[in-house]
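Visitor: Please show me how to read a protein structure, one feature at a time.

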Amino acid sequence: MATVLSRALKLPGKKSPDLGEYDPLTQADSDESEDDLVLNLQQKNGGVKNGKSSLGEVPEPDSDAEAVGAAKPHLSEVATEGYPSEPLGGLEQKAASSIVSYVRTSVFLLTLVISMILVLVCAFLIPCPPRDLHSTWSRQLGPQGGGDLSPLELADVNGDGLRDVLLSFVTSRNGSAIGVSKPAAVLVCLSGMNGSTLWSSPLPEEARDIMCLDLMPGSMAETICLVTGTHKMFSAFNATSGKAIWTLNPNYLSNGTLAAPGVVLPDLDEDGVRDLVVLAIGELQPDLCFLLVSGRTGSPMGRPVKYSIVGVGNLIGPQVYVTTNGAVYILFGFGNIQAVALRDIFVQAQNRDSLPPSLQIEEPEWEKRRSINLSELIDIYSDGVELLQMVEAPDSNCSNLLIMTRQGLVLLRGQNLTPSWTLSLQGLHSQPTPGYFTDDQTLDFLLQIQDGVGMKKMMVVDGDSGSISWSYSAPCHMKETPATSAVTSDQKSVFLFWAEGMSGVSSSSDVIPGTGPPSLHHLYLLHPAFPSLLLDLANATGTVTASEVGINDLWKDAFYVTRTTGPSSEGHPAPLVVSKLSLRWALMEGQVVQLEDTTPKIGRGELRRFLSRIKFVDPPHQI
């Protein structure tokens, strides 16, 4: 019996051959070796399954093995028989590893929670940029109480990145009730986002022109809006608040009235702010008077400088021209173009010979054109001039002179005042619209020419050669319709103009050009990549008196703003309507007007894919 007990203690898990029964002492206390021992026993002796031996015998609870329960071996004794236990150092490593894993998990979760909190804080505290993708609105400003001018300007006045709309109009008032004989005018600023009124300021007279700019280049100064009236008003307004900064004292104009908008000059008094010049005209045409005005205070910089000129036709200018060498001239005239050096005006106004550095430069090619009798005036062009326009020259740092006459167009090189090309045209009355139509990166021009009763011809002239690149006749009963252009990211321009409904070349249409309702006008877009078709973007009733195109730099979009005078009814003045249209949205919604059959024909899908990729940008230089 002692032998059997000894074998049972030394060989746990084995059956005793003498007893023929399973020994319950085979259950060892080792954590690591228990499974291995049981597996070995099952492979060698049949093992135990479901509490039974391999022979199906159930161990009896009153067997002799119970008698040795008190002699259960220790873990150290079992280990000596070939089943070593794990050392204590391994347990310590396991504990340290579990602590490191716990720390890593905690750090990761803590970092994740902090990141989520930062994202939520940024989402609530940092405002999203305003979306203007589908910003199309129309605002009626009430009845317009007369006035022949329609000033319109775009400028970002509230710092939201979107250009806002500034305009002025004459309001209707009961003159007898308030004791005045003439209606008052108002300067209004509308939000470019939704058309709401940002501010309004009363004006003593009708405004001729609104120009918003920064008189302190390179600084963080607020935008200034210069407003020129039709009589004697010349004021500077804060574009953000609409408050008047300064107003020129009308007594300095003596008996004259303002003949044209104010013009921005270089800084003459060296106070860090650019200065201005205004042109006043007396009761007699030859009496023209230049007055230098401080851009900081609005006070005159010296006395008025008078010139007596003789001419027949429209007033030209004044416009500032800076030559290649940096010399500054003022261009003006009546039916002709003459120039006077700004230094000559400054010397007479200040009654001194000392000049600021910006006025000490001369242009030899211009100076040799001085008239013999009038030594201070330089003859530029004198052949029935109706309009003068500055055009950026692609190969120099100065501008060329585009001159519209009764006979056509002439482009003068600004460097030497020689003609670059001449185009003979009749019936040209509206201002040419510059833009990039050809591939030579030279500004081309969209012209509108009267072409019979109720018809006008749209024409694109190559700015490099003066040849006609594109033309089409469209029905239009409006005498003068504004046209404009917008530059795309591939240095092309889209041209926008107004005309009446066109049916194109579709044979299924019974509409004859020029026979539609004359009160409905359509806005058409011409892209140089598809000269055989137009896009009908929108339509309007009434008369379109002014239009401007602005760029949304954030979304690479352009928006088109129009000032329209609606149809008037008996006894009621015509309403004034201001509208804004997103061009990228309008391109996708516009109707195609096929001007001529092309081979191969342009597919609708191809056209939509092309239009969806168009992005608008600011022009490389002021057009």
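Guide: Start with a pair of strands. Strand β31 (residues 520-526) and strand β32 (residues 533-541) pair in the antiparallel sense, over six bridges. Strands (E, at least two residues) and helices (H or I, at least four) are DSSP runs, numbered from the N terminus. Two strands pair if DSSP finds at least two bridges between them.
Guide: A word on the source. This is a predicted model: local features need pLDDT of at least 70, side-chain atom pairs count only at pLDDT 80 or more, and totals for chains, interfaces and linings use all residues. Residues are numbered from 1 along each chain as its sequence is written, and side-chain values use heavy atoms, with hydrogens and water left out.

Visitor: Which residue stands opposite Leu 525?
Guide: Leu 535, in β32. A hairpin of six residues joins β31 to β32.

Visitor: Which strand pairs with β32 over four bridges?
Guide: Strand β36 (residues 591-594) does, again in the antiparallel sense. There, Gln 594 is the bridge partner of Leu 533.

Visitor: What kind of peptide bond joins Gly 317 and Pro 318?
Guide: A cis bond, with omega about 0 degrees. Pro 318 lies in strand β17.

Visitor: Which residues other than glycine have a positive phi?
Guide: Leu 417 is one of them, with phi near 60 degrees. Leu 417 sits in the loop between β23 (408-412) and β24 (419-424). Lys 556 is another, with phi near 55 degrees. Lys 556 is in the loop between β33 (543-552) and β34 (557-565).

Visitor: Is Leu 417 buried or exposed?
Guide: Use the cut-offs: buried is under 20% relative accessible area, exposed is over 50%, and partly exposed is in between (1.4 Å probe, protein chains only). Leu 417 has 3%, and is therefore buried. Lys 556 has 37%, and is therefore partly exposed.

Visitor: Now a helix. Which residues of α6 are buried?
Guide: In general, an α-helix has 3.6 residues a turn, so residues three or four places apart point the same way. In α6, the buried ones are Leu 342, Arg 343, Asp 344, Ile 345, Phe 346 and Ala 349. They pack against β15 (287-293), β16 (305-308), β18, β19 (337-341) and α7 (364-367). After α6 comes Asn 351, with a positive phi near 55 degrees.

Visitor: Why does Arg 343 count as buried?
Guide: Because its relative accessibility is 9%. Arg 343 belongs to helix α6 (residues 342-350). A contact means heavy atoms within 4.5 Å. Leaving out residues up to four places away in sequence, Arg 343 touches Tyr 329, Leu 355, Leu 359, Ile 361, Glu 362, Glu 367 and Arg 370.

Visitor: What joins the side chains of Arg 343 and Glu 367?
Guide: A polar contact of 2.9 Å. That term means a pair of N or O atoms within 3.5 Å; within protein, one must be able to donate a hydrogen and the other to accept it, and residues adjacent in sequence count only if both atoms are side-chain atoms.

Visitor: Where is Lys 232?
Guide: Lys 232 is in the loop between β9 (224-229) and β10 (234-238). With a relative accessible area of 17%, Lys 232 is buried. Its side chain reaches the backbone oxygen of Gly 256 at 2.5 Å. Residues that Lys 232 touches, not counting those up to four places away in sequence, include Glu 205, Pro 250 and Leu 258. Lys 232 and Leu 248 are 16 residues apart in sequence, and 8.5 Å apart in space, C-alpha to C-alpha.

Visitor: Zoom out. How many helices and strands does the protein have?
Guide: Nine helices and 36 strands. Of its 623 residues, 44% count as buried. Take the contacts between residues at least 6 apart in sequence: 52% of them join residues at least 24 apart.
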